Amino acid sequence: DGPQSNQWDQGYSPCWPSIMTISASWDVDLMALWSTEIAEEFGVKSRGQLGPGINVARFAWNGRLGEYMAGEDPYFGAKMTKAMVEAYRSVPHPPLQTAKHFIPNTIEKNRNSIIEEVDERTLFEVYYPPFEAAVKAG
């Protein structure tokens, strides 16, 4: 399961480059192309996607960093998120997307019991921009 695999498919799903790989190109058009291809594959089979992974990377020991596209830059993450969501919405049968992991899921250890305290300014300036971009894009 993850942002670029069709977990419900029994034996057929191409091996896509990870979202982090595409994001590392800094190419918004490439993100849109990659997203359109995946959306077409998932949508035609009425499948959802466990992604986009848009949380901002704040701690190196977060076990989910490979699923995120924003890296450490919320502005960059918002631009890439917008490109991805708009590309998904452009295909004839867009699949369901789940923006994840919600703010500020930044560490895996004890993730079911940890309490992360973040001040309001940090929430608005660091964590919210990619999620806000996802909502505004559709």
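These legends walk through several close-up views of a predicted model.

**View 1. Glu67 and Lys100 form a salt bridge.** Let's start with one of the four salt bridges counted in this model. The closest N and O atoms of Glu67 and Lys100 are 2.8 Å apart. Glu67 sits in the loop between helix H2 (28–44) and helix H3 (74–89), while Lys100 sits in the loop between H3 and helix H4 (120–137), so their contact ties together parts that are 33 residues apart in sequence.

**View 2. Lys82 and Glu86 form a salt bridge within helix H3.** Here the closest N and O atoms are 3.0 Å apart. Lys82 and Glu86 are four residues apart in the helix, which means that about one helical turn separates them. Lys82 is partly exposed, with a relative accessible area of 42%, and Glu86 is partly exposed as well, at 37%.

**View 3. Arg121 and Glu125 form a salt bridge within helix H4.** Look for the closest N and O atoms, which are 2.9 Å apart. Arg121 counts as exposed at 59% relative accessibility, whereas Glu125 counts as partly exposed at 46%.

**View 4. The largest nonpolar core has 25 residues.** Which residues have the most contacts inside this core? They are Ile19, Met31, Trp34, Met69, Met84 and Tyr88. At least two residues of the core come from each of helix H1 (19–23), H2, H3 and H4.

**View 5. Trp26 and Phe76 form a tilted aromatic pair.** This is one of two aromatic pairs found in the whole structure. The ring centres of Trp26 and Phe76 are 4.5 Å apart, with 40 degrees between the planes. Trp26 lies in the loop between H1 and H2 and Phe76 lies in helix H3, so the pair ties together parts that are 50 residues apart in sequence. Trp26 is exposed, with a relative accessible area of 61%, but Phe76 counts as buried at 10%.

**View 6. Phe124 and Tyr128 form an edge-to-face aromatic pair.** The distance is 4.8 Å centre to centre, and the angle between the planes is 80 degrees. Both residues lie in helix H4, four residues apart, about one turn of the helix. Phe124 counts as exposed at 51% relative accessibility, while Tyr128 counts as partly exposed at 28%.

Terms used:
Residues numbered from 1 in each chain as written. Predicted model: local features only at pLDDT ≥ 70, side-chain atom pairs only at ≥ 80, totals over all residues. Heavy atoms only, no water. Salt bridge = Lys/Arg side-chain N within 4 Å of Asp/Glu carboxyl O. Buried < 20%, exposed > 50% of the residue type's maximum accessible area, 1.4 Å probe, protein only. Core = buried A, V, L, I, M, F, W, Y, C linked by side-chain atoms within 4.5 Å. Phe/Tyr/Trp six-rings, centres within 6.5 Å; stacked < 30°, edge-to-face > 60°.
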